[in-house]
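Subject: The two-chain model, over to you

Hi,

Here is the structure I promised to pass on.

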Amino acid sequence: MPQANEPDRYTKRLAKWISFLTILSLFLIFSLILAISIGPIQISLSDVFFTIVKKLLGSQAGGNPESIKETVIIELRLPRALLAALAGLALSVAGTVFQCIFRNPLADPYVLGVASGAGFGASLVIFLGIDLLLGSIYVIPLFSSIMAILTVFLVHLIAGGGTELRLLLAGMAVSSFFSSLMSILLDLAGPRAHGVFDWIFGGFPLTGWEYVNVALLAVPLSLLIFIFARDLNILLLGYEQAKQLGVEVERLRKHMMIVSSVLTAVIISICGIIGFVGLVVPHMMRIIVGSDHRILLPSSALAGASILVLCDTVARNVLRPVVIPTGVITALLGAPFFVYLLHKGVR
Amino acid sequence: MAILKVCNIECYYESTKVLDGISFSINPGDFVGVLGPNGSGKTTLLRALSKVLKPRIGAVFLENSNIYLMKSREVAKNIAVVPQDAAPAGFNLTVLDFVLMGRHPHMSRFKMESEKDFAIAKRAMEMTNTLYLAEKNINELSGGERQRVLIARALTQEPKVLLLDEPTSHLDVNNQLEIMELLKRLCLERKMAVLAVLHDFNIASHYCDSLILLNGGRIVSMGAVDDVLTSENIKKVFQVDVIVKRNPITGSLYVIPALIRRKETDQGFSIHIICGAGTGTGLMKILAEMGFNLTVGVLNAPDTDYETAQLLNIPSVIEAPFSPISEENYRANLEIILRSDAVVISSVPFGYANLKNLEAAREAIKRGIPVIVLDDIPIEQRDFTKGEATEIIRELRDKGAIFVRNEQDLLNAIFTLKKNKDSVKQEVIR
């Protein structure tokens with residue numbers, strides 16, 4: 001059979017994909033362990049590894065009082081590292097999707113005004129003192145993610161479901177509008193506003209297993225997006241050709257926008273606004289694995305997770321005991337890298 | 001039964017109407033060409049037929065179902081589109097992956113491409129001669145290669161209807177013919193219905209079964225190639241003078257643009273030219289461009305001078321192929337000559353068949369119409385009448401015909417005659 005070598009090529013491609021993802025997964029695990037080991041108390045890599053494995057295997061240490069190390073690992077550093085990983089994963093996936101559906105290399109998870117919507121929500125809570133009133137740590141995350149999603153709907157409404165460009169412009173307009181409102185509210189809120197600044201610069205002040213549980217939502221949402229990977233490939237061809245190849249473009253675009261915005265909003269509500277990950281990671285991966293979303297999405301997810309874990313490690317330790325907002329580090333490292341990409345000519 | 005039926009569709013961009021009252025149907029195995037100037041709605045028509053631009057009025061039926069009520073996926077299984085060359089894509093994919101995108105409407109969301117999908121893509125790439133490009137990046141292709149890859153992708157959809165937007169526009173002659181042959185074969189062997197927007201009349205006439213001529217969003221003419229591809233229709237739609245002829249070898253029509261336009265200036269001076277065998281072609285072009293009113297005759301039908309006269313729209317007296325000039329045509333010719341201001345005789349060879357043209361010239365000079373003889377080849381060398389023609393030429397010289405050696409002298413002579421005529425006219429007015 002002459003076509004025997006074609007499926008062969010295809011099995012090869014699949015094998016290549018799987019091995020690449022395995023490497024990325026191993027790198028992510030390594031990043032997590034490294035991140036946990038570095039801190040005011042240095043813990044060796046093997047200690048970190050075995051403590052976590054022991055915990056995973058469910059041995060409750062037989063009632064022995066947990067060592068300080070174990071407490072630091074399990075209760076402090078592991079949730080923070082996982083949170084960073086989940087945030088990196090979610091933002092990279094959302095960035096990949098937005099760059100695809102807008103066919104614009106400058107799109108990031110915040111193009112539809114998610115970030116400023118969430119920021120406005122958070123500052124509204126602080127200005128009105130709702131968080132004091134209800135006295136729950138969940139108030140700001142909840143309120144800001146609701147605002148974020150409302151913002152996306154508002155942008156969609158303004159753009160009238162029109163072209164990519166209309167959506168982008170509507171997103172920009174709504175974004176700057178809410179940013180201004182947020183500044184006014186934070187100004188009026190006085191010293192109480194300082195609590196929100198940490199959040200705006202992006203970081204992981206809210207760490208704890210309860211937040212990790214919320215952030216875990218990113219995994220099923222990313223998997224949901226992954227199901228549409230092939231449709232996203234075809235969307236790259238533009239509206240007309242995608243339609244002619246049987247993709248319901250408007251519906252796909254709308255669904256992808258909603259899922260990615262929810263994905264982003266969940267992360268924003270916990271970690272604040274972390275820039276550049278969602279913009280740069282997809283570009284990096286596109287250069288390495290190509291534009292096929294079946295490999296691009298999982299690669300971006302894993303690479304984004306590792307990168308944000310490492311950035312957070314830098315943020316926690318470089319000016320110890322001061323913890324720099326993680327968003328500052330990603331921007332600091334991401335911006336020069338982005339300039340490099342631009343210089344090289346982004347595909 | 002028609003596979004695709006278009007019923008009275010009207011399409012708009014915002015409030016601008018771009019298609020108006022378009023109705024036609026295509027059967028399996030039909031090869032339909034769509035012709036029309038830029039902006040006539042050709043590409044819009046393809047959009048309307050592929051569920052991209054919903055007509056405000058009317059409907060498009062695929063085997064009795066309205067495509068705008070079908071799922072895009074179902075439409076894409078039956079109708080494939082080859083877009084006008086897409087510019088280099090802003091993404092990073094191999095040609096094979098790009099072609100495999102054509103399998104999308106056939107594939108389940110949760111599956112990867114199967115062996116069958118690969119086999120279909122491979123066959124499409126073999127047919128379009130793109131298999132050797134399989135591993136190349138889609139951005140690295142030339143215009144022609146990209147065009148063929150786009151066709152391969154469309155064939156991978158295994159459609160019943162194939163719509164193409166200027167599929168040969170970026171190809172060299174060899175590739176153009178190869179693609180058109182392929183499309184023709186798809187019509188004949190797979191009973192695929194092909195509708196292609198084309199810009200080349202000759203390719204359209206050779207390969208298509210029927211044509212649709214669009215202008216301003218309306219169908220100007222539609223039907224068999226012979227009925228649509230007429231010089232009147234082309235003049236009406238493209239504002240170009242053309243000659244439509246039948247290629248004696250292939251039997252299909254071909255269109256030649258009449259590149260020489262008659263100048264609008266009118267010298268007010270009419271000249272009758274006696275020529276043949278291409279000796280008058282240069283004269284006709286020069287004199288026509290200068291704005292002289294020309295007539296020609298008598299000419300035999302298959303002749304270079306005859307074709308030039310047709311091209312330039314010069315009234316001519318025509319004799320049947322290979323026949324001597326009949327008495328009837330001689331009289332018709334003479335009648336025209338007697339209405340001219342001058343007669344020019346080119347250095348055409350004279351035989352018994354066209355000797356009557358010289359007799360007409362002799363008649364003209366007898367009645368006072370100036371005769372100019374272009375004598376760059378001596379008459380003795382082109383006389384095949386055992387001296388009869390030479391005799392008449394000599395007689396013309398005796399009666400005052402003007403003999404010139406070359407075209408420049410000929411033009412000088414004509415302008416002198418024209419000046420004389422004009423001054424006579426002036427005197428009459430005074």
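**What I found**

Searching the whole structure gives 27 salt bridges over all chains (a salt bridge is a side-chain nitrogen of Lys or Arg within 4 Å of a carboxyl oxygen of Asp or Glu). One of them links Arg13(A) and Asp97(B), with the closest N and O atoms 2.4 Å apart. Arg13(A) sits in helix α1 (residues 5-37) of chain A and Asp97(B) in helix α3 of chain B, so this pair joins two chains. Helices (H or I, at least four residues) and strands (E, at least two) are DSSP runs, numbered from the N terminus.

Before you go on, some housekeeping. This is a predicted model, so to speak of local features we need pLDDT of at least 70, and side-chain atom pairs count only at pLDDT 80 or more, while totals for chains, interfaces and linings use all residues. Residues are numbered from 1 along each chain as its sequence is written, chains are lettered from A and ligands numbered from 1 in the order in which they are written, and side-chain values use heavy atoms, with hydrogens and water left out.

**Where the chains meet**

How many residues does each chain bring to the contact? Chain B gives 41 and chain A gives 34, where contact means heavy atoms within 4.5 Å. Together the two chains bury about 3300 Å², 54% of it on carbon and sulfur atoms (buried area is the accessible area, with a 1.4 Å probe, that two parts lose on being put together, summed over both). His104(B), Arg109(B) and Met112(B) supply 19% of the area that chain B buries against chain A, more than any other three residues.

There are 5 salt bridges between chain B and chain A. Arg294(A) makes a salt bridge with Glu113(B), and here the closest N and O atoms are 3.1 Å apart.

On the side of chain B that touches chain A, the elements giving two or more residues are α2 (72-78), β6 (79-82), α3 (95-100), α4 (115-127) and α5 (143-156) of chain B. The largest share, 4 residues, comes from α4(B). The residues on that side split into 18 nonpolar, 11 polar and 12 charged.

**Sheets in chain B**

One open sheet has 6 strands in the order β6-β7-β8-β3-β9-β10 (chain B), with mixed pairing; two strands pair if DSSP finds at least two bridges between them. Its edge strands are β6 and β10 (218-224) of chain B, each pairing on one side only. Inside the sheet, β7(B) (residues 161-165) and β8(B) (residues 193-197) run parallel, joined by 5 bridges. Look for Val161(B), whose bridge partner in β8(B) is Ala193(B). Helix α5(B) lies across β6 and β7 of chain B, at about 175° to β6(B). For such angles, axes are lines fitted to C-alpha atoms, for helices over the stretch in contact, and angles run from 0 to 180 degrees between N-to-C directions.

Another open sheet of 6 strands has the order β15-β14-β13-β16-β17-β18 (chain B), and its pairing is parallel. β15 (316-319) and β18 (402-404) of chain B are at the edges with a single partner strand each, so one side of each is left without a neighbour in the sheet. From one strand to the next, the twist averages 20°.

Then there's a hairpin: β1(B) and β2(B) have 2 residues between them, and Glu14(B) in the turn has a positive phi of about 55°.

Most residues other than glycine have a negative phi, and most peptide bonds are trans. Glu158(B), not a glycine, has a positive phi of about 50°, and lies in the loop between α5 and β7 of chain B. The peptide bond from Arg320(A) to Pro321(A) is cis, with omega near 10°. The one from Gly297(B) to Val298(B) is cis too, with omega near -10°, and Val298(B) lies in strand β14 (residues 293-300) of chain B.

Cheers

Technical notes:
Nonpolar A, V, L, I, M, F, W, Y, C, P; charged D, E, K, R; others polar.
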